[in-house]
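Dear colleague,

Please find the structure we discussed below, handed over for your own work. My notes on it come directly after.

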Amino acid sequence: MKFTLHQIHIFKEVAHRGSITRAAEALFMTQPAVSIQMKQLQKAVGIPLIDIIGRQLQLTDAGKEFLELCNSFTERLNHFDSRISQLKGGLRGKLTISAASTAKYFLPYHLGRFQKKYDQIDISLKVTNRNEVLKNLESYEYDLAILSQIPDDPSITAVPFLENPLVIAAHRSHPLRHKTLKSLNELSGEPFIFREKGSGTRMVMERLLKRAGIQPKIPMELGTNEAVKQAIMAGIGISLISELSLIPERASGRIATIDIEDYPVESSWYYLYNKNRLVSPVTQNFISFLSESNPENLLPQYSV
Ligand code: PGA
């Protein structure tokens, strides 16, 4: 059966108006043009769909069945059309993000607000260290990456959206906790707890210690931020850590920080995407959401 969407449209109008003349008027067509289309449609279906009894137009049994088919077809087509518009407008679909581990302290709050606004978007968040995030970005597996130590790579776009203060965290009774040190050198005898290789936080800490000419004593190297915090609380050593991850421990006095006057550490959170990858409408929506958010709303909001 070969008929067109246009013919379906005309047939529905004829059935609805009960008249070829009235259907032609409604469709801004001439009456012969409607009649021709109806003839061709019935030829394609292979059986009469309308009958003229007296001066009255009626649907045949085949016509009634065909009308049902046309109605359900146009309903499905409209549904499909609205789903396509949602996909095009980024209101529905999938968003995959690979984020450096420290981002887990603020990102879920933000994603929660995003999902409330766009409840038809499925979000998948992979939390890992900087090196893995970059591998994920290169492999085109994820729409977006979030990290603070960005690579020097011209194929990647990186946009800052939130400050990431990094502080020296120490045991709550560390003797230097209430003092402001002139420079990092004053910590040269301290044991420094390191994150694993591949961590962005470790990169900054290594750079900082090198600049200060410190050869650190490393009592422990740990694979997560949480483990580093536990080691600090256990009195094993001090470490550089994102302030956003320390809010509960600082508020409850379980971890102290050491202030340093000459402290050249500037860090921000960036969202990154591969320049060669087409940014999907969903990703674009998330980027706008991130850029338009008040930075206050991006901070962790747990009670301590
Ligand atoms: P990481 O994250 O130390 O967990 O790798 C921080 C960053 O990307 O800088």
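The notes below cover the first helix, a pocket and one serine. Please bear in mind that this is a predicted model.

Helix H1 comprises the 13 residues 5-17. In an α-helix, with 3.6 residues a turn, residues three or four places apart point the same way. After H1 comes Gly18, with a positive phi near 70 degrees.

The largest pocket has a volume of about 180 Å³. Its lining consists of 15 residues, and those nearest the centre are Pro165, Leu166, Val167, Tyr263 and Val265. Strand S7 (166-171) and strand S12 (255-262) are the elements that each supply two or more lining residues, with S12 giving the most, at 4 residues. By class, the lining holds 8 nonpolar, 3 polar and 4 charged residues.

Ser239 belongs to strand S11 (residues 239-242). Ser239 counts as buried because its relative accessibility is 2%, where the cut-off is under 20%. The Ser239 side chain reaches the backbone oxygen of Ile193 at 2.8 Å. Leaving aside residues up to four places away in sequence, Ser239 touches Val167, Ile168, Ala169, Ile193, Met205, Val228 and Ile232.

With kind regards

Definitions and conventions. Residues numbered from 1 in each chain as written. Predicted model: local features only at pLDDT ≥ 70, side-chain atom pairs only at ≥ 80, totals over all residues. Heavy atoms only, no water. Expected span 1.5 Å × (residues − 1). 1 Å grid on protein atoms, 1.4 Å probe; cavity = no way out; pocket = protein on both sides within 12 Å on 5 of 7 lines; lining within 4 Å. Points joined across faces, edges and corners; volume = space filled by probe spheres on them. Nonpolar A, V, L, I, M, F, W, Y, C, P; charged D, E, K, R; others polar. Buried < 20%, exposed > 50% of the residue type's maximum accessible area, 1.4 Å probe, protein only. Polar contact = N/O pair within 3.5 Å; in protein donor to acceptor, adjacent residues only side chain to side chain. Contact = heavy atoms within 4.5 Å.
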